[in-house]
Each structure stands twice: as structure tokens, then as C-alpha cells.
Amino acid sequence: MKSLLAITALCFIMGAVHTPYSFAEEPKLRRNKVLWDAMSPEERQRVIENYRRWKDQPEEKRRRMIKNYENYRGLSPEEKYRLKERYRAYQGLDSSVRNKVNEEINKVDSLPPEHKERLFRKYRQMRGIPAEERLKFLEQSLFWKSLDEREKEIFKRLMFPD
Amino acid sequence: MNCEWTKDHLFSFIDRELDQQQERILKEHLGVCRACRHEYEKIQRAWDALDCWEDALPPERVRKNLLQEIRSREKSKWLSVAFPAAAVLLIVAGITFFYKSDDAGVYRQLTAENEKAAIRVVKDISQENEEDIVSNLQLLREKDFFDSLDKLEKIDYLPLVEDRQNDSGRDQRSSLDLDAA
């Protein structure tokens with residue numbers, strides 16, 4: 001009996017090793033396969049184009065995108081919704097405003113590591129604060145005071161899309 | 001029996017169509033009524049005169065004309081039905097053909113486009129790694145979104161960016177003093 005169980009377990013492990021995907025990934029893959037098979041030729045073509053563009057990117061950028069995707073999967077539905085809405089608002093910006101937004105975003109990237117660390121800590125503290133209070137904090141910030149009225153409207157829409 | 005009844009039945013009497021009783025009554029009336037007898041004699045004479053006539057065939061020309069007239073009338077009668085029917089059929093066939101050919105054209109065009117697209121996609125899939133695409137499908141469907149996601153998240157950090165002009169020394173200014181909060 002024991003040997004039978006051992007053989008079964010061994011087969012199970014070998015099967016897991018030889019399949020291209022892990023067991024945890026299997027339901028996702030099955031769902032993706034169904035989605036892929038049901039796609040229209042146009043949609044498939046678009047995905048293939050995206051795949052090519054993704055493959056053409058440097059390895060680091062590709063990994064960053066996968067990380068973004070994994071982070072997104074871990075978010076709550078409300079946070080996912082907020083980011084999607086923010087993306088829509090961002091996409092709707094004209095190029096000059098988008099440049100300004102990117103410029104502001106780049107400030108975060110250019111911070112020295114210790115400042116970044118402090119910033120992330122503050123952000124973690126702030127995440128639990130309700131939107132109304134966060135808005136008050138925002139209005140007191142130096143960043144906010146540096147914006148003109150139009151920019152304030154744009155950033156308000158980006159920060160609180162809902 | 002009055003004169004009116006008698007006059008109405010004179011022709012039947014001559015043709016011997018009356019029954020015995022009617023015939024007897026009529027004969028009795030003719031015996032006593034001079035006006036009716038006179039009427040009877042007049043009809044009888046005209047009847048006898050008809051017997052003298054001979055049946056003659058119409059001239060060939062008249063017969064031909066008559067037959068031609070009958071045929072043309074029959075023909076025109078047929079045409080008067082056939083023409084509108086043909087016109088209606090022609091219109092219906094025209095409309096049907098127009099729409100059929102139009103539909104068929106659109107269908108052919110769409111089918112050709114779909115076939116082309118399908119062939120192109122199949123060709124593309126054979127060139128690429130389908131497994132790789134399927135395993136990253138969610139990501140690839142919204143590539144641009146996931147590409148800019150970390151950037152979009154950084155918007156939340158902006159109010160927390162410290163004033164870098166004053167970031168040296170102890171007077172480091174934070175836009176939000178959350179540590180104190």
C-alpha cells in the first residue's frame with residue numbers, strides 16, 4: 001500500500017515537473033486558453049502585435065511589466081478600479097499636459113534612495129486615510145502649491161478619479 | 001282567360017309547347033276574340049315566311065375577317081392579363097436580384113476579409129510562441145495599461161515628495177508631516 005502511494009506521489013511530482021506550467025497556474029492557463037480560442041481574429045491580431053512589442057522590449061522592462069501585472073493582481077477591486085480610471089484620465093490628457101504629469105512623476109524616480117524610503121513609508125501611512133482627509137493633506141502639500149489652477153484640476157482628477 | 005295571357009302564349013302555342021288544357025283554352029279564346037285571332041294570324045304568316053329562307057354561307061372574306069377579329073380580341077385579352085403580370089414579375093425579379101446580388105457581394109467581401117484575417121492570424125501564431133501568448137494573455141491584452149501602471153501609481157507619491165531645495169541639513173521640509181500625525 002505504501003509503495004503504491006509512493007509511486008502515485010512520484011508520478012504526480014514527475015508530471016508536475018514535466019508540464020510547462022506549475023499547478024497553481026493551471027486554472028489561469030485554462031481560462032486564458034478558453035479566452036484565446038474565443039477571440040476574434042482582430043483581437044488576436046492585436047494581442048500578437050502587443051506580444052511582439054513586448055518581446056522587442058529589453059529584458060528589464062519586460063520584467064518590470066510582469067511585476068506591475070503581479071502587483072495589480074494583488075490589489076483590491078476598489079484599487080484596481082481607481083487605477084483603471086486613472087489610466088483613462090491619463091490617456092485622455094493632451095500631450096503638453098501629459099508631459100507635465102510625466103515631469104512631476106519623474107521627480108519621484110530621481111529622489112535619492114533614503115528620501116525614497118521615507119516617501120514610501122509616508123505613503124504606507126497615508127493609504128489608510130479616507131479620501132477627504134487625503135485631499136486636505138494634498139492641498140497643504142508643496143507639490144499642490146506649485147501647481148496652477150488648471151494643473152490642480154488635472155491632478156485632482158488623476159489622484160481621485162472616482 | 002284574357003287577351004294579355006293569350007298574347008303572351010301565342011309563340012308557345014305555335015311551337016306546340018302548351019299542354020292540352022292550355023291549348024284548348026287558347027283556341028276557345030281565339031274563336032271569340034277577333035284582335036287576338038288577328039295577332040295569331042300575323043305571327044303565323046311571319047313564321048311561314050321564315051321557312052322560305054335558305055341558309056347561306058357568308059362570303060369567305062367575311063369569315064376570315066370575323067375569325068381574325070375573334071383571334072385578335074382573344075390575343076388582346078390574353079395580353080391585357082399577361083402584360084401587367086409580366087411587369088409585376090419583372091419588378092419582383094429585379095428587386096430580388098438587386099438585393100440578392102448586393103447581399104451576395106457584401107457576404108463574399110466579408111467572407112474574403114475574414115478568411116484573409118484568419119489566414120494572417122494562423123500564420124502569425126505559427127510564427128510566434130502561442131503558449132507564451134496564452135500564459136501572458138491578461139498582460140498582453142492590456143499591455144499599455146500594465147506598461148504605465150507603476151508610473152500611474154507614482155502619482156499618489158507626488159504630494160509626499162519633499163522639497164529638494166531644502167533637503168540638506170536638519171530643516172528638511174516635508175510637504176506632509178505624516179510622521180507627526
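Helices here are DSSP runs of H or I, at least four residues long, numbered from the N terminus. Keep that numbering in hand for the tour. The model is predicted.

**Stop 1: chain B on its own**

Select chain B. Its pattern along the sequence reads α-α-α-α-α-α-α-α-α. That is nine helices and zero strands. Chain B has 181 residues, and 27% of them are buried. Colour its surface by atom type. The accessible surface is about 13,500 Å², with 54% on carbon and sulfur atoms. Now look at contacts within chain B. Of those with a separation of 6 or more, 37% join residues 24 or more positions apart.

**Stop 2: the interface**

Show both chains. Chain A puts 65 residues into the contact, and chain B puts in 51 residues. Together they bury about 6,200 Å². Carbon and sulfur atoms carry 63% of that area. Pick out Tyr51(A), Lys122(A) and Leu142(A). These three supply 11% of the area that chain A buries against chain B, more than any other three residues.

Which helix gives the most to the side of chain A that touches chain B? Select α3(A): it gives the most, with 13 residues.

**Stop 3: Asn50(A) in helix α3**

Stay on helix α3 of chain A and centre on Asn50(A). Is Asn50(A) buried or exposed? Asn50(A) counts as buried because its relative accessibility is 6%, and the cut-off for buried is under 20%. Display its surroundings, leaving aside neighbours within four places in sequence. Asn50(A) is in contact with Leu140(B), Arg141(B) and Lys143(B).

Follow Arg141(B) from there. Its side chain meets Glu43(A) in a salt bridge, 3.3 Å from N to O.

**Stop 4: salt bridges between the chains**

How many salt bridges are there between chain A and chain B? The count is 10. Over all chains the structure holds 28.

Select Asp132(B) and Lys55(A). Their side chains form a salt bridge, 3.1 Å from N to O. This pair crosses between chains: Asp132(B) sits in helix α6 (residues 130-135) of chain B, and Lys55(A) sits in helix α3 (residues 41-56) of chain A. Asp132(B) is buried, at 18% relative accessible area. Lys55(A) is partly exposed, at 34%.

Move to Lys154(B) and Asp109(A). The closest N and O atoms of this salt bridge are 2.6 Å apart. It too runs between chains, from helix α9 (residues 149-154) of chain B to helix α6 of chain A. Lys154(B) is buried, with a relative accessible area of 16%. Asp109(A) is partly exposed, at 36%.

**Stop 5: a salt bridge within chain A**

Find Glu151(A) and Lys100(A), whose side chains meet in a salt bridge of 3.8 Å, N to O. The pair links distant parts of the chain, 51 residues apart. Glu151(A) lies in helix α10 (residues 149-159), and Lys100(A) lies in helix α6 (residues 95-109). Glu151(A) is buried, with a relative accessible area of 18%. Lys100(A) is partly exposed, at 22%.

**Stop 6: the nonpolar cores**

Bring chain B back. In soluble globular proteins, nonpolar side chains tend to be buried together. The largest nonpolar core has 48 residues. Which residues have the most contacts inside it? From chain A, select Trp36(A), Val101(A), Phe155(A) and Leu158(A). From chain B, select Ile133(B), Phe145(B) and Ile155(B).

Zoom in on Ile155(B). Not counting residues up to four places away in sequence, Ile155(B) touches Arg86(A), Val101(A), Ile105(A), Leu158(A) and Met159(A).

One more core remains. A second, separate core has 10 residues, including Phe13(B), Leu26(B), Cys36(B) and Ile43(B). Select those four to end the tour.

Terms used
Residues are numbered from 1 along each chain as its sequence is written. Chains are lettered from A and ligands numbered from 1 in the order in which they are written. This is a predicted model: local features need pLDDT of at least 70, side-chain atom pairs count only at pLDDT 80 or more; totals for chains, interfaces and linings use all residues. Side-chain values use heavy atoms; hydrogens and water are left out. A salt bridge is a side-chain nitrogen of Lys or Arg within 4 Å of a carboxyl oxygen of Asp or Glu. Helices (H or I, at least four residues) and strands (E, at least two) are DSSP runs, numbered from the N terminus. Buried means under 20% relative accessible area, exposed over 50%, partly exposed in between (1.4 Å probe, protein chains only). Contact means heavy atoms within 4.5 Å. Accessible areas come from the Shrake-Rupley method with a 1.4 Å probe; for residues, only the protein chains shown count as cover. A nonpolar core is a set of buried Ala, Val, Leu, Ile, Met, Phe, Trp, Tyr and Cys residues joined through side-chain atoms within 4.5 Å. Buried area is the accessible area (1.4 Å probe) that two parts lose on being put together, summed over both.
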